[in-house]
Amino acid sequence: SSGINAEYGVHGLEEKDGQQDQDLIRQMFEELSEAPAIEKVSRIGSNRETSKPRPVKVALRSRDAVWGILRKRTLLKESGRYWRVFLSPDKTEDERVAQRDLVAELKERRAKDKRKDFRIKGGKIVESAKGGTTWTLAGS
């Protein structure tokens, strides 16, 4: 049975006229050597006249299948075709709002201090030193 726990989001997947999103998702799964049973694939939001593709919501038959895909998501970065694609677990409205606020704060910090490298890790904004060391900023 499908449910909120068996869904996840795909961000950055190309959006082409006439090409089925389900086929694109199956091709992406092949890249991960996975072939889970797909319940439903749908774009989120209305058609926009922008170059940025709309996110895709994917529902699989089992929660285990979702976590199997999510565990392998870093392999997409190494692939030539899907290096810009990002997979994320399905989020509640509150979680989406919190993430949006965090991203806004991240952009603000990056604009204020361009010499430092800020990232989101574990739901907090962290600063990465040039040597690769990461530490949590006070107050985040």
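Predicted model: local features only at pLDDT ≥ 70, side-chain atom pairs only at ≥ 80, totals over all residues.

Colleague: Why is E7 called buried?

Modeller: Buried means under 20% relative accessible area. E7 has 17% relative accessibility, and therefore counts as buried. E7 lies in strand β1. Beyond its neighbours within four places in sequence, E7 is in contact with K57, V58, A59, V66, P89 and D90.

Colleague: What makes the pair of E7 and K57 a polar contact?

Modeller: A polar contact requires a pair of N or O atoms within 3.5 Å, one able to donate a hydrogen and the other to accept it. The side chains of E7 and K57 make such a contact at 3.4 Å.

Colleague: Which residues does R81 contact, leaving aside its neighbours within four places in sequence?

Modeller: With those neighbours left aside, R81 is in contact with E14, L24 and Q27. A polar contact of 2.8 Å joins the side chains of R81 and E14, and another, of 3.3 Å, joins those of R81 and Y82. R81 and E31 are 50 residues apart in sequence, while their C-alpha atoms are 9.2 Å apart in space.

Colleague: What makes the largest nonpolar core a core, and which residues have the most contacts inside it?

Modeller: Such a core is a set of buried nonpolar residues joined through side-chain atoms within 4.5 Å. The largest has 21 residues, and those with the most contacts inside it are Y8, V10, I25, M28, F29, V58 and L87. Two or more residues each come from β1, α1, β2 (38-43), β3 and α2, with the largest share, 4 residues, from α1. Leaving aside neighbours within four places in sequence, V58 is in contact with residues including Y8, V10, I25 and F29. In soluble globular proteins, nonpolar side chains tend to be buried together.

Colleague: Which residues of helix α2 are buried, and what covers them?

Modeller: In α2 (residues 63-71), V66, G68, I69 and L70 are buried. Their cover includes β1, α1 (21-31), β3 (56-60) and β4.

Colleague: How do you know which residues line the largest pocket?

Modeller: A lining residue has an atom within 4 Å of a point of the pocket. The largest pocket is lined by 31 residues, of which H11, F86, S88, K91 and Q99 lie nearest its centre. The elements that give two or more residues to this lining are β1 (7-11), β4 (86-89), α4 (93-112) and β5 (117-121). The most comes from α4, with 6 residues. About 1300 Å³ of space lies in this pocket.

Colleague: How do the residues of that lining divide into nonpolar, polar and charged?

Modeller: The lining of the largest pocket has 10 nonpolar, 9 polar and 12 charged residues.

Key:
Residues numbered from 1 in each chain as written. Heavy atoms only, no water. 1 Å grid on protein atoms, 1.4 Å probe; cavity = no way out; pocket = protein on both sides within 12 Å on 5 of 7 lines; lining within 4 Å. Points joined across faces, edges and corners; volume = space filled by probe spheres on them. Nonpolar A, V, L, I, M, F, W, Y, C, P; charged D, E, K, R; others polar. Contact = heavy atoms within 4.5 Å. Buried < 20%, exposed > 50% of the residue type's maximum accessible area, 1.4 Å probe, protein only.
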